[in-house]
Amino acid sequence: MSARPSFLVVLLKELRETVRDRRAMAMVLLFVLLYPMLVGGVLHQQINRATKPEKEGIELTVIGAARAPTLMAQLKQKNVTIHAVETMTEDRIAALLRTQKTAAVLRLSDSYGDDYRNMRPARVELWYDSASANGRNVADIEHVVRSYGNTIAGARLLAHGVSPATLYPVQLQKYDTGSSASRSASVIGTMLGMFFIPAFFFCLSSAVDSTAGERERRSLEVLLAQPARPLDLVVGKWLAAALLSIVGLTLELCIAHGVLKWLPLEEIGMSWRLSWADLAIVCVTALSLPLFAAAIEIALAINAKTFKEAQTTASFAIMIPMVPVIVVPMMNLNTANWMYLVPVLSHQTLLRELAKGQSVGLLPFALTFGASLLLALLCVAFTVRRMKSDRYLMAI
């Protein structure tokens, strides 16, 4: 019966210790649920805000409603609830809007009836607070008022024997060729990148504890005294931390996919068309990201003398992949091949393109997987070289 490879012995040993570490397992569970629930919560709030006017109607306070009964009738047909009041000062109007109990205040001038009958412009004031959550409903109210004015103008022209079409010498028709999937990918592009950031947190505790932690506890001396090469020790610790991150990232992506599939994104003009088969391909392509995350954290922690120092250093390093994920979408750049060479950004870009329903070809998958794997191997090589050095052994 052949003996187990040394790296496999180290791998199983680190996995047992990690499973026993409640702090590490709690961190994995936290980030598995955190980002999907966070993104789902944000989108759920947007859906609720978008559908609330249709379900509950728009609250509108009208000063002088009796002067324009036809306008009030049209507003009610558009699910606008009218609250008629006699008179209000400007200060009282501002105070009412700050309470957010009404979407806007419509004030008809005292001369509205006379101006209307004499075919003069009848003044209507629309007061609203653009900084409040009700500010988005003002466009619906304004549209009703403008349509009402256009109807009156058309009727007056007909009374004088003039076609209402003369008011519109140019007719503009708009055609939006963007699909709901494309709009979804553009709007939640930055959110998609955040799904991959936890890959660095899943393995943080394991990577730091198996290097700087053992160094601080003086148990690393025992490992180095065993008949095992530094390469076996590093690979075993690396794969143990990476395996934990792979499991966590896969679960997180599956939960996030389920949440986005469940949400009625059509209510806000979006959709999530990624299939489970596409998600499986993304998960396989993303396997190299946990390998890179574990490798760079071990490479940083191997130089630290204490667990706390290693955790601080690795935590700051995690912030680096987050920068392009946030900055690049803000720059509105077209998708380019170089984006697939940057860890996390490449995964964000790949998932966004797949979410649009576009065929991306094999090159983006190869670049996304290969770039992170190459960086991971370089970090492992650095760690092995560092562990072989006399200066490192003397410092233990």
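The legends below describe close-up views of a predicted model. Local features need pLDDT of at least 70 and side-chain atom pairs pLDDT 80 or more, whereas totals for chains, interfaces and linings use all residues. Residues are numbered from 1 along each chain as its sequence is written, and side-chain values use heavy atoms, without hydrogens and water.

**View 1. The largest pocket holds about 340 Å³ of space.** A pocket is an open set of points on a 1 Å grid over the protein atoms alone, where a 1.4 Å probe fits, with protein on both sides within 12 Å along at least five of seven lines; lining residues have an atom within 4 Å of a point. The volume is the space filled by probe spheres set on the points. Among the 14 lining residues, Ala122, Val145, Tyr148, Gly149 and Ile152 are the closest to the centre. Helix H6 (a DSSP run of H or I, at least four residues) gives the largest share of the lining, eight residues.

**View 2. Phe195, Phe196, Trp238 and Trp272 touch the most other members of the largest nonpolar core, which has 72 residues.** Such a core joins buried (under 20% relative accessible area, 1.4 Å probe, protein chains only) Ala, Val, Leu, Ile, Met, Phe, Trp, Tyr and Cys residues through side-chain atoms within 4.5 Å. Helix H12 (residues 230-262) supplies the largest share, 12 residues. Another core, of 20 residues, lies apart and includes Val62, Ala68, Met72 and Tyr148.

**View 3. Cys254 is in no disulfide.** A disulfide is a pair of cysteine sulfur atoms within 2.5 Å, and the whole structure has zero. The nearest cysteine sulfur to that of Cys254 belongs to Cys283, 5.1 Å away.

Key. Helix = DSSP H or I, 4+ residues; strand = E, 2+ residues; numbered from the N terminus. Buried < 20%, exposed > 50% of the residue type's maximum accessible area, 1.4 Å probe, protein only.
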